[in-house]
Amino acid sequence: MRRVYLDHAATTPIEPDVLKAMMPYFTEIFGNPSSVHQFGREAKVAIEEARERIANFINAKPSEIVFTSGGTEADNFAIFGIAIANLKRGKNHIITTQIEHHAVLDACMFLQKNGFDVTFLKVGSDGIIDPDDVKQAITPRTCLISVMHVNNEIGTIQPIEAIGQIAKEYGILFHTDAVQSFGKIDVDVDKLNVDLLSASAHKIYGPKGIGFLYIRSGVEIEKFHHGGSQEAGRRAGTESVPLIVGFGKAVEVCAERMINDFEHAKMLKERMLYKINDVFSEISDVLLLNGSVDKSIPHILNFSINSSKIEIDAEAIIYGLDIKGVAVSNGSACTSGSLRPSHVIMALGRDEKTALSTVRFSFGRANSIDDVDYAVEKFYEVVSGFVKLAVK
Ligand SMILES: Cc1ncc(COP(=O)(O)O)c(C=O)c1O
């Protein structure tokens, strides 16, 4: 059976060159980078090369990159690190949005339960934050603004430069979760006006379990991991040399391919929109496109089934597609076997039942037009099957 992977926003396959670059660091070059002997020094050199490559890619200094276990840790480090560092100044207010990834959302909710004030800003029905709303939410106690660059469910790009400008004017630290934008669109910490930025390797054809937090020089942040003095004393624990080397290589490949990858994803997105219009023409009112089509990256397309026409659980669609060889996701958290409506789709103003029937398609390097056509045909078979059942 044909298999089509359209879940690249969840994770990507490792690029062969990335794996090749990592292999020697599992075997011959196995030293602990903190060791002073040659085994250690070789490992250390590899880490610093990767750090420099990644720093250059986002227009940062190598000393501003702290490797973490992924995007989740980078987000938690940013939120808790800044919150704790500011407690002594009596600054205990954070501004974020309703559409953040759970790594930011849940960290902020934890702080809220423990004495912090958190403002969760609404988005428009297009899935975009209004920078003016950020400005209005600022108080003398605000220590951090955290707004994601690209949303992982609907792909919308937030006005980070403008929000960063506001943060600068008010002297407030600004963090962005760039896990879904890093390696896909230009991410330059100076142009974006950010003080902290999170990214992850496995979304860009690198290994799982490695990411980084960019921390602008001079930013006071409390460390999250206590122990050894790795990562210039900011993140204790022996570094995973193979993963860091793989991350560096994945960034090198991205730097070469980013424009082509973007154009390729754009072509696939346009094809999917065209094909959906065509194939779903008789039941076009059943599908709702989520988020702005223009102010979004081309790698993600997200649809809900209009609950006023028919109620279908996303799970049924995803399993239905999986049986037919198409891998997609609903983009929201699945807890103890029961699907919760996506907080992102709810934030767009959709009703709960519509939010429960959300399907995310996300494109990658290896996808072709044929993959998209096949996925749309199978998507139609599954959805129209439910529509026919409902009519009977
Ligand atoms: C926007 C966003 N932030 C954070 C994360 C978490 O990254 P990681 O899987 O590396 O922990 C993800 C992963 O899906 C994401 O999409």
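This is a predicted model: local features need pLDDT of at least 70, side-chain atom pairs count only at pLDDT 80 or more; totals for chains, interfaces and linings use all residues.
A polar contact is a pair of N or O atoms within 3.5 Å. Start with Lys 203. An N or O atom in the Lys 203 side chain is 2.5 Å from an oxygen atom of the ligand.

Taken alone, the ligand exposes 390 Å². The protein buries 85% of that area.

Now widen the view to the whole shell. The ligand is surrounded by 13 residues. Gly 71, Thr 72, Asp 177, Ser 200 and Lys 203 are the closest. Sorted by class, the shell holds eight polar, three charged and two nonpolar residues. Which helix gives the most to this shell? Helix α3, residues 71-87, does, with three residues. The space that the ligand takes is the largest pocket.

Is Asn 302 buried or exposed? Its relative accessibility is 0%, so Asn 302 counts as buried. The Asn 302 side chain has polar partners. One is the backbone oxygen of Glu 153, reached at 2.9 Å. Another is the side chain of Asn 290, in a polar contact of 2.7 Å.

Next comes helix α7, residues 230-233. Backbone angles are the topic here. Glu 231 lies in this helix. Glu 231 is not a glycine, yet its phi is positive, at about 50 degrees. Ala 232 lies in helix α7 as well. Its phi is near 55 degrees, again a positive value in a residue other than glycine.

The loop between β8 and α7 holds Ile 221. Strand β8 covers residues 211-215. Ile 221 has 19% relative accessibility and so counts as buried. The limit for that class is under 20%. Which distance separates Ile 221 from Glu 352 in space? From C-alpha to C-alpha, the two are 38 Å apart. Along the sequence, they are 131 residues apart.

Finish in the loop between α1 and α2, where Ser 34 has its place. Helix α1 covers 16-22, and helix α2 covers 38-57. Ser 34 has a relative accessible area of 46%, so it is partly exposed. That class sits between the buried and exposed limits. Ser 34 and Glu 48 are 14 residues apart in sequence. Their C-alpha atoms are 12 Å apart in space.

How values were computed:
Residues are numbered from 1 along each chain as its sequence is written. Side-chain values use heavy atoms; hydrogens and water are left out. A residue is near a molecule or strand if one of its heavy atoms lies within 4 Å of it. A polar contact is a pair of N or O atoms within 3.5 Å; within protein, one must be able to donate a hydrogen and the other to accept it, and residues adjacent in sequence count only if both atoms are side-chain atoms. Accessible areas come from the Shrake-Rupley method with a 1.4 Å probe; for residues, only the protein chains shown count as cover. On a 1 Å grid over the protein atoms alone, a cavity is a set of points where a 1.4 Å probe fits but cannot get out, and a pocket is an open set with protein on both sides within 12 Å along at least five of seven lines; lining residues have an atom within 4 Å of a point. A molecule sits in a cavity or pocket if more than half of its atoms lie within 2 Å of its grid points. Helices (H or I, at least four residues) and strands (E, at least two) are DSSP runs, numbered from the N terminus. Ala, Val, Leu, Ile, Met, Phe, Trp, Tyr, Cys and Pro count as nonpolar, Asp, Glu, Lys and Arg as charged, and the others, Gly among them, as polar. Buried means under 20% relative accessible area, exposed over 50%, partly exposed in between (1.4 Å probe, protein chains only).
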